[in-house]
Amino acid sequence: MLVPVMPSTVPDSAPAAVKLRESFADLRQGKTAEAEAGFHEAMRFDPKRAEGLIGLAEIAWGRKQPAEAESLLKRAATLNGGNPLVYRSMGLFYRELKRF
């Protein structure tokens, strides 16, 4: 996985954070369709949250679509480059690709 868990960076009651936590839990349980829909919904709640794009990148990676995963991670970096989770996920992605 590119990101093992969603960090708690916003209050639990924020709709985007709630949806992101649910979506990452769905992803860990193998509920890819539910997770994908949840990540898109979280992005509608808060379009500036990079975690939704990271989750979608994880799904693309699982579908063996590395170009799509990379594109999503780059969008996350552009959107919220100050979030260390973005760069951690990108590092794990490139390590998996054996590109340093």
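## Aromatic pairs, explained

Q: Why is phenylalanine 24 called buried?
A: Its relative accessible area is 1%, and buried means under 20%, with exposed over 50% and partly exposed in between (1.4 Å probe, protein chains only), so phenylalanine 24 counts as buried.

A word on the basis: this is a predicted model in which local features need pLDDT of at least 70, side-chain atom pairs count only at pLDDT 80 or more, and totals for chains, interfaces and linings use all residues. Residues are numbered from 1 along each chain as its sequence is written, and side-chain values use heavy atoms, leaving out hydrogens and water.

Q: How many aromatic pairs does the structure hold?
A: There are three.

Q: What makes phenylalanine 24 and phenylalanine 39 an aromatic pair, and is it stacked or edge-to-face?
A: Their centres are 4.9 Å apart with 70° between the planes. Rings of Phe, Tyr and Trp (its six-membered ring) pair if their centres lie within 6.5 Å; planes under 30 degrees apart are stacked, over 60 edge-to-face and the rest tilted. The pair is therefore edge-to-face.

Q: Why does this pair tie together parts that are 15 residues apart in sequence?
A: Phenylalanine 24 lies in helix α1 (residues 15-28) and phenylalanine 39 in helix α2 (residues 32-45). Helices here are DSSP runs (H or I, at least four residues), numbered from the N terminus.

Q: How do you know what kind of pair tryptophan 61 and phenylalanine 93 form?
A: At 5.3 Å centre to centre and 75° between the planes, they form an edge-to-face pair.

Q: Is tryptophan 61 buried or partly exposed, and why?
A: At 22% relative accessibility, tryptophan 61 is partly exposed, whereas phenylalanine 93, at 0%, is buried.

Methods
Helices (H or I, at least four residues) and strands (E, at least two) are DSSP runs, numbered from the N terminus.
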